[in-house]
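Please find below my notes on the model under review. They are set out as numbered points.

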Amino acid sequence: MLPLERLQEAQRLIADTLAPTPLLLDHVLSERIGRRVWLKGELFQRTGSFKPRGSLHWVRTASREELAGGLGAVSAGNHALGLAWAAGQLGIPVTIVMPENASRFKVEGSRALGAEVILHGDINAAWELMHRLVAERGLTLVHPYDDERIIAGQGTVGLEILAQAPDATAILCPVGGGGLIAGIGSAAAALRPGLSLIGVEPSGAASMAHAWAQGAPSRLEKVETCAKSLAAAIVGEHSYPLCRETTQAMLQIDDAAIGRAMHHLLYQAKLMAEPGAAVGVGALLEEAVALPPEGDVVVVITGGNMSREELIPFL
(Lines give C-alpha, C1' and ligand atoms only; values in the text may rest on other atoms or scores of the structure.)
Protein backbone atom coordinates (compact mmCIF):
# COMPACT_ATOMS: atom_id res chain seq x y z
CA MET A 1 0.00 0.00 0.00
CA LEU A 2 1.08 3.62 -0.40
CA PRO A 3 2.55 5.05 2.81
CA LEU A 4 0.13 7.09 4.90
CA GLU A 5 2.56 10.02 4.85
CA ARG A 6 2.33 10.15 1.07
CA LEU A 7 -1.46 10.40 1.17
CA GLN A 8 -1.32 13.06 3.87
CA GLU A 9 1.19 15.07 1.83
CA ALA A 10 -1.14 14.86 -1.17
CA GLN A 11 -3.98 16.12 1.01
CA ARG A 12 -1.83 19.03 2.16
CA LEU A 13 -0.85 19.93 -1.41
CA ILE A 14 -4.41 20.16 -2.73
CA ALA A 15 -6.24 21.44 0.35
CA ASP A 16 -5.99 25.12 -0.58
CA THR A 17 -7.94 24.53 -3.80
CA LEU A 18 -10.08 21.41 -3.37
CA ALA A 19 -12.43 21.39 -0.38
CA PRO A 20 -13.62 18.17 1.30
CA THR A 21 -16.85 16.76 -0.09
CA PRO A 22 -19.84 16.04 2.17
CA LEU A 23 -20.99 12.76 3.66
CA LEU A 24 -24.77 12.51 3.22
CA LEU A 25 -27.05 10.13 5.11
CA ASP A 26 -29.29 8.08 2.79
CA HIS A 27 -32.34 7.67 5.03
CA VAL A 28 -34.25 5.36 2.67
CA LEU A 29 -31.36 2.98 2.07
CA SER A 30 -30.45 3.04 5.77
CA GLU A 31 -33.97 1.91 6.72
CA ARG A 32 -33.89 -0.76 4.04
CA ILE A 33 -30.69 -2.47 5.21
CA GLY A 34 -31.04 -1.67 8.91
CA ARG A 35 -27.94 0.45 9.46
CA ARG A 36 -26.72 3.91 8.55
CA VAL A 37 -25.65 4.30 4.93
CA TRP A 38 -23.63 7.39 4.08
CA LEU A 39 -23.03 8.66 0.55
CA LYS A 40 -19.65 10.29 -0.07
CA GLY A 41 -20.55 13.12 -2.42
CA GLU A 42 -17.65 13.26 -4.86
CA LEU A 43 -20.07 14.51 -7.51
CA PHE A 44 -19.84 17.85 -5.67
CA GLN A 45 -16.08 18.11 -6.22
CA ARG A 46 -14.62 20.52 -8.81
CA THR A 47 -15.49 19.40 -12.36
CA GLY A 48 -18.14 17.04 -10.97
CA SER A 49 -16.05 14.03 -9.88
CA PHE A 50 -13.16 12.88 -7.67
CA LYS A 51 -10.70 13.11 -10.56
CA PRO A 52 -9.27 16.62 -9.91
CA ARG A 53 -7.74 15.32 -6.67
CA GLY A 54 -5.28 13.08 -8.48
CA SER A 55 -4.77 15.49 -11.36
CA LEU A 56 -4.01 18.50 -9.16
CA HIS A 57 -1.63 16.44 -7.03
CA TRP A 58 0.12 15.18 -10.18
CA VAL A 59 0.51 18.69 -11.63
CA ARG A 60 1.76 20.16 -8.36
CA THR A 61 4.40 17.44 -7.95
CA ALA A 62 5.52 17.37 -11.59
CA SER A 63 8.98 18.48 -12.63
CA ARG A 64 9.62 21.36 -15.03
CA GLU A 65 10.72 18.82 -17.62
CA GLU A 66 7.44 16.91 -17.35
CA LEU A 67 5.41 20.08 -17.83
CA ALA A 68 7.57 21.71 -20.51
CA GLY A 69 6.03 20.08 -23.58
CA GLY A 70 2.46 19.98 -22.33
CA LEU A 71 0.43 17.06 -21.05
CA GLY A 72 -1.45 14.27 -22.78
CA ALA A 73 -4.17 11.92 -21.61
CA VAL A 74 -6.70 9.34 -22.73
CA SER A 75 -10.08 9.54 -21.06
CA ALA A 76 -13.73 8.65 -21.38
CA GLY A 77 -14.44 11.98 -19.70
CA ASN A 78 -13.92 12.61 -16.01
CA HIS A 79 -10.12 12.39 -16.11
CA ALA A 80 -10.21 14.74 -19.09
CA LEU A 81 -12.21 17.29 -17.11
CA GLY A 82 -10.06 16.92 -14.00
CA LEU A 83 -6.73 17.19 -15.82
CA ALA A 84 -7.86 20.08 -18.02
CA TRP A 85 -8.93 21.98 -14.91
CA ALA A 86 -5.79 21.14 -12.89
CA ALA A 87 -3.38 21.96 -15.71
CA GLY A 88 -5.27 25.17 -16.33
CA GLN A 89 -4.35 26.33 -12.83
CA LEU A 90 -0.74 26.60 -14.08
CA GLY A 91 -1.45 27.45 -17.71
CA ILE A 92 -0.15 24.09 -18.93
CA PRO A 93 -1.54 22.97 -22.33
CA VAL A 94 -3.34 19.62 -22.41
CA THR A 95 -4.17 17.31 -25.31
CA ILE A 96 -6.77 14.65 -24.62
CA VAL A 97 -7.82 11.79 -26.89
CA MET A 98 -11.33 10.52 -26.16
CA PRO A 99 -13.20 7.65 -27.84
CA GLU A 100 -15.77 8.70 -30.39
CA ASN A 101 -18.63 7.52 -28.16
CA ALA A 102 -17.49 9.69 -25.24
CA SER A 103 -20.09 11.81 -23.50
CA ARG A 104 -20.59 15.05 -25.43
CA PHE A 105 -21.16 16.73 -22.07
CA LYS A 106 -17.64 15.76 -20.99
CA VAL A 107 -16.10 16.55 -24.38
CA GLU A 108 -17.54 20.05 -24.41
CA GLY A 109 -16.67 20.58 -20.75
CA SER A 110 -13.03 19.62 -21.34
CA ARG A 111 -12.77 21.98 -24.28
CA ALA A 112 -14.34 24.77 -22.24
CA LEU A 113 -11.55 24.25 -19.68
CA GLY A 114 -8.94 24.80 -22.39
CA ALA A 115 -8.01 21.27 -23.45
CA GLU A 116 -7.48 20.20 -27.03
CA VAL A 117 -9.83 17.23 -27.40
CA ILE A 118 -9.43 14.72 -30.22
CA LEU A 119 -12.19 12.15 -30.77
CA HIS A 120 -10.78 8.94 -32.19
CA GLY A 121 -12.10 5.38 -32.49
CA ASP A 122 -12.72 3.22 -29.43
CA ILE A 123 -10.71 3.36 -26.21
CA ASN A 124 -7.95 1.10 -27.60
CA ALA A 125 -7.59 3.24 -30.73
CA ALA A 126 -7.55 6.34 -28.56
CA TRP A 127 -4.58 4.95 -26.64
CA GLU A 128 -2.72 4.12 -29.85
CA LEU A 129 -3.17 7.68 -31.10
CA MET A 130 -2.07 9.19 -27.78
CA HIS A 131 1.16 7.18 -27.80
CA ARG A 132 1.90 8.57 -31.28
CA LEU A 133 1.16 12.12 -30.12
CA VAL A 134 3.44 11.71 -27.10
CA ALA A 135 6.28 10.78 -29.45
CA GLU A 136 5.50 13.43 -32.07
CA ARG A 137 4.74 16.39 -29.79
CA GLY A 138 6.87 15.66 -26.75
CA LEU A 139 3.85 15.43 -24.44
CA THR A 140 4.04 13.93 -20.97
CA LEU A 141 1.39 11.26 -20.51
CA VAL A 142 -0.75 11.57 -17.39
CA HIS A 143 -2.39 8.20 -16.95
CA PRO A 144 -5.94 8.29 -15.56
CA TYR A 145 -5.25 5.63 -12.91
CA ASP A 146 -1.94 3.82 -13.37
CA ASP A 147 0.31 6.38 -11.68
CA GLU A 148 1.18 6.52 -7.98
CA ARG A 149 0.87 10.32 -7.92
CA ILE A 150 -2.67 10.04 -9.26
CA ILE A 151 -3.47 7.25 -6.80
CA ALA A 152 -2.12 9.28 -3.86
CA GLY A 153 -4.36 12.19 -4.81
CA GLN A 154 -7.41 9.93 -5.06
CA GLY A 155 -6.47 8.49 -1.68
CA THR A 156 -7.47 11.79 -0.09
CA VAL A 157 -11.08 10.60 -0.55
CA GLY A 158 -10.24 7.81 1.88
CA LEU A 159 -8.65 10.15 4.40
CA GLU A 160 -11.80 12.29 4.37
CA ILE A 161 -14.14 9.32 4.77
CA LEU A 162 -12.23 7.97 7.74
CA ALA A 163 -12.32 11.38 9.44
CA GLN A 164 -16.01 11.97 8.64
CA ALA A 165 -17.33 8.47 9.46
CA PRO A 166 -15.70 7.20 12.66
CA ASP A 167 -18.29 4.40 12.98
CA ALA A 168 -17.91 3.07 9.43
CA THR A 169 -16.97 -0.59 9.12
CA ALA A 170 -17.40 -0.88 5.34
CA ILE A 171 -16.75 1.26 2.26
CA LEU A 172 -18.20 0.43 -1.15
CA CYS A 173 -16.18 1.91 -4.00
CA PRO A 174 -16.82 1.91 -7.77
CA VAL A 175 -13.95 0.37 -9.73
CA GLY A 176 -12.81 1.14 -13.27
CA GLY A 177 -9.04 1.18 -13.68
CA GLY A 178 -8.54 0.89 -9.93
CA GLY A 179 -6.88 4.19 -9.01
CA LEU A 180 -9.55 5.35 -6.57
CA ILE A 181 -9.95 2.07 -4.69
CA ALA A 182 -6.15 1.68 -4.51
CA GLY A 183 -5.88 5.10 -2.85
CA ILE A 184 -8.80 4.56 -0.49
CA GLY A 185 -7.47 1.12 0.37
CA SER A 186 -4.07 2.52 1.30
CA ALA A 187 -5.72 5.05 3.62
CA ALA A 188 -7.99 2.46 5.23
CA ALA A 189 -5.23 -0.12 5.71
CA ALA A 190 -3.10 2.45 7.52
CA LEU A 191 -5.76 4.11 9.68
CA ARG A 192 -8.50 1.50 10.13
CA PRO A 193 -7.16 -1.95 9.21
CA GLY A 194 -10.32 -3.77 10.33
CA LEU A 195 -12.52 -1.90 7.87
CA SER A 196 -14.01 -3.87 4.96
CA LEU A 197 -13.29 -2.28 1.57
CA ILE A 198 -15.54 -3.62 -1.19
CA GLY A 199 -15.09 -2.85 -4.86
CA VAL A 200 -18.04 -2.81 -7.25
CA GLU A 201 -17.73 -3.07 -11.04
CA PRO A 202 -20.22 -3.23 -13.90
CA SER A 203 -20.46 -6.84 -15.06
CA GLY A 204 -19.80 -5.68 -18.62
CA ALA A 205 -16.44 -4.18 -17.64
CA ALA A 206 -15.18 -6.28 -14.74
CA SER A 207 -11.51 -5.68 -15.46
CA MET A 208 -10.37 -5.79 -11.81
CA ALA A 209 -12.18 -9.06 -11.11
CA HIS A 210 -10.58 -10.42 -14.29
CA ALA A 211 -7.16 -9.33 -13.05
CA TRP A 212 -7.80 -11.00 -9.69
CA ALA A 213 -8.69 -14.23 -11.46
CA GLN A 214 -5.64 -14.05 -13.76
CA GLY A 215 -3.25 -12.92 -11.04
CA ALA A 216 -2.20 -9.84 -13.02
CA PRO A 217 -3.75 -7.10 -15.18
CA SER A 218 -5.17 -8.68 -18.32
CA ARG A 219 -7.13 -6.94 -21.07
CA LEU A 220 -10.82 -7.74 -21.49
CA GLU A 221 -11.77 -8.80 -25.01
CA LYS A 222 -15.05 -6.87 -24.79
CA VAL A 223 -16.28 -3.93 -22.69
CA GLU A 224 -19.98 -3.09 -22.78
CA THR A 225 -21.74 -1.13 -20.04
CA CYS A 226 -23.85 1.97 -19.48
CA ALA A 227 -21.28 2.97 -16.85
CA LYS A 228 -18.79 4.54 -19.25
CA SER A 229 -16.68 6.07 -16.48
CA LEU A 230 -15.87 2.50 -15.33
CA ALA A 231 -15.29 1.03 -18.80
CA ALA A 232 -11.58 0.31 -18.45
CA ALA A 233 -10.52 -2.69 -20.54
CA ILE A 234 -7.50 -3.29 -18.29
CA VAL A 235 -6.54 -2.18 -14.80
CA GLY A 236 -3.23 -0.59 -13.90
CA GLU A 237 0.10 -2.19 -13.07
CA HIS A 238 0.22 0.08 -10.01
CA SER A 239 -3.46 0.03 -9.05
CA TYR A 240 -3.91 -3.75 -9.32
CA PRO A 241 -1.51 -4.86 -6.54
CA LEU A 242 -2.63 -2.04 -4.24
CA CYS A 243 -6.26 -3.02 -4.75
CA ARG A 244 -5.52 -6.73 -4.32
CA GLU A 245 -3.69 -6.06 -1.06
CA THR A 246 -6.24 -3.77 0.57
CA THR A 247 -9.67 -4.82 -0.80
CA GLN A 248 -11.72 -7.58 0.79
CA ALA A 249 -14.18 -8.29 -2.04
CA MET A 250 -14.84 -7.40 -5.67
CA LEU A 251 -18.49 -7.48 -6.81
CA GLN A 252 -20.23 -7.02 -10.16
CA ILE A 253 -23.71 -5.75 -11.00
CA ASP A 254 -25.38 -5.55 -14.41
CA ASP A 255 -26.73 -2.53 -16.24
CA ALA A 256 -30.30 -3.20 -15.10
CA ALA A 257 -29.18 -2.99 -11.46
CA ILE A 258 -27.22 0.15 -12.24
CA GLY A 259 -30.41 1.64 -13.67
CA ARG A 260 -32.32 0.85 -10.49
CA ALA A 261 -29.55 2.44 -8.44
CA MET A 262 -29.68 5.55 -10.62
CA HIS A 263 -33.44 5.74 -10.03
CA HIS A 264 -32.92 5.45 -6.26
CA LEU A 265 -30.29 8.17 -6.21
CA LEU A 266 -32.44 10.51 -8.31
CA TYR A 267 -35.76 10.05 -6.56
CA GLN A 268 -34.83 8.99 -3.02
CA ALA A 269 -31.40 10.51 -2.33
CA LYS A 270 -32.03 13.51 -4.64
CA LEU A 271 -28.61 13.12 -6.29
CA MET A 272 -27.95 13.27 -10.02
CA ALA A 273 -25.12 10.75 -10.09
CA GLU A 274 -23.78 9.25 -13.32
CA PRO A 275 -24.15 5.49 -13.90
CA GLY A 276 -20.60 4.61 -12.87
CA ALA A 277 -21.11 6.41 -9.57
CA ALA A 278 -24.22 4.37 -8.75
CA VAL A 279 -22.75 0.85 -8.69
CA GLY A 280 -22.12 0.77 -4.93
CA VAL A 281 -25.72 1.73 -4.21
CA GLY A 282 -26.77 -0.89 -6.75
CA ALA A 283 -24.87 -3.60 -4.90
CA LEU A 284 -26.71 -2.71 -1.68
CA LEU A 285 -30.11 -2.59 -3.37
CA GLU A 286 -29.48 -5.99 -4.98
CA GLU A 287 -28.38 -7.41 -1.61
CA ALA A 288 -25.15 -8.53 -3.25
CA VAL A 289 -22.90 -7.38 -0.41
CA ALA A 290 -21.72 -9.36 2.62
CA LEU A 291 -21.31 -6.59 5.19
CA PRO A 292 -19.67 -6.71 8.62
CA PRO A 293 -22.24 -7.55 11.35
CA GLU A 294 -22.51 -3.95 12.57
CA GLY A 295 -21.34 -0.41 11.91
CA ASP A 296 -22.00 2.28 9.31
CA VAL A 297 -21.59 1.81 5.57
CA VAL A 298 -20.10 4.44 3.25
CA VAL A 299 -20.76 4.38 -0.50
CA VAL A 300 -18.56 6.54 -2.72
CA ILE A 301 -20.62 8.48 -5.28
CA THR A 302 -17.80 9.20 -7.66
CA GLY A 303 -19.29 11.71 -10.11
CA GLY A 304 -22.31 13.35 -11.66
CA ASN A 305 -21.37 14.44 -15.18
CA MET A 306 -24.21 13.76 -17.61
CA SER A 307 -26.06 15.56 -20.32
CA ARG A 308 -29.85 15.74 -20.36
CA GLU A 309 -29.91 13.13 -23.12
CA GLU A 310 -27.77 10.72 -21.08
CA LEU A 311 -29.98 11.17 -18.03
CA ILE A 312 -33.35 10.58 -19.74
CA PRO A 313 -33.15 6.72 -19.90
CA PHE A 314 -32.90 6.60 -16.11
CA LEU A 315 -35.83 8.87 -15.28
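**Notes on the predicted model**

1. Glu287 is exposed, with a relative accessible area of 67% (exposed means over 50%, buried under 20% and partly exposed in between, with a 1.4 Å probe and protein chains only). Glu287 sits in the loop between helix 13 (279-285) and strand 10 (296-301). Although not a glycine, Glu287 has a positive phi of about 55 degrees.

2. This is a predicted model, in which local features need pLDDT of at least 70 and side-chain atom pairs count only at pLDDT 80 or more, while totals for chains, interfaces and linings use all residues. Residues are numbered from 1 along each chain as its sequence is written, and side-chain values use heavy atoms, with hydrogens and water left out.

3. A positive phi, of about 65 degrees, also occurs at Thr47, which is not a glycine. Thr47 belongs to the loop between strand 2 (37-41) and helix 3 (51-61). Most residues other than glycine have a negative phi.

4. The protein chain contains 14 helices and 10 strands (DSSP runs numbered from the N terminus: H or I of at least four residues for helices, E of at least two for strands). Of its 315 residues, 59% count as buried.

5. The axes of helix 1 (residues 4-14) and helix 8 (residues 148-164) come within 8 Å and cross at roughly 85 degrees (axes are lines fitted to C-alpha atoms, for helices over the stretch in contact, and angles run from 0 to 180 degrees between N-to-C directions). The two helices are therefore roughly perpendicular to each other (65 to 115 degrees).

Methods
Parallel < 35°, antiparallel > 145°, perpendicular 65-115°, else oblique.
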